[in-house]
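Dear colleague,

I am passing on the structure that we spoke about, and I would be glad if you looked through it before reading my notes below.

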Amino acid sequence: AAQLAAKQTLVEDTLGRVAGVDSPWRHMRPIVGCDQPYHYRNKMEFTYSGRMWQPTATGAADEGDTVAGFALGLARPGHSDQVLPISECSLQSSTANHIMRTVTAAAMDAQLQPLV
């Protein structure tokens, strides 16, 4: 509930401040939460690299180490050649996760090398 209220406030503020809508709350219905917060996406974009990004315990995007090694996963923000390897993404379906793991295994078996 608190997250939805924060989103509502953010949208209202943006409409008023950026778009110049007068009293935006008069024109909006309340934001509706998602019934299924996991496994709802049908498209994700992953990156393939020879540089694995290992974030620190804080998880901050500007902290961590990069080491050589195969990585298929999510690119570090602002550094598309540094990839956080993942084996499952909670946003995509189990079928998409299976495909991602299959592609990762096939690329490793074939010893494919990234272009960068």
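**Overall layout**

Read along the sequence, the protein chain follows the pattern α-β-β-β-α, and its secondary structure comes to two helices and three strands, where helices (H or I, at least four residues) and strands (E, at least two) are DSSP runs numbered from the N terminus. The radius of gyration, taken over C-alpha atoms, is 20 Å, well over the 13 Å that the globule rule (2.2 Å times the number of residues to the power 0.38) gives for 116 residues, so the protein chain is more spread out than a compact globule. Its C-alpha atoms fill a box of roughly 60 × 30 × 25 Å along the principal axes.

Please keep in mind that this is a predicted model, in which local features need pLDDT of at least 70 and side-chain atom pairs count only at pLDDT 80 or more, while totals for chains, interfaces and linings use all residues. Residues are numbered from 1 along each chain as its sequence is written, and side-chain values use heavy atoms, with hydrogens and water left out.

**One residue in detail**

Of the 116 residues, 18% count as buried, meaning under 20% relative accessible area with a 1.4 Å probe, protein chains only. Ser49, which lies in strand β1 (residues 47-54), is buried, with a relative accessible area of 2%. Leaving aside neighbours within four places in sequence, Ser49 is in contact (heavy atoms within 4.5 Å) with Gly69, Phe70, Ala71, Asp81, Gln82, Val83 and Pro114.

Notes
Buried < 20%, exposed > 50% of the residue type's maximum accessible area, 1.4 Å probe, protein only.
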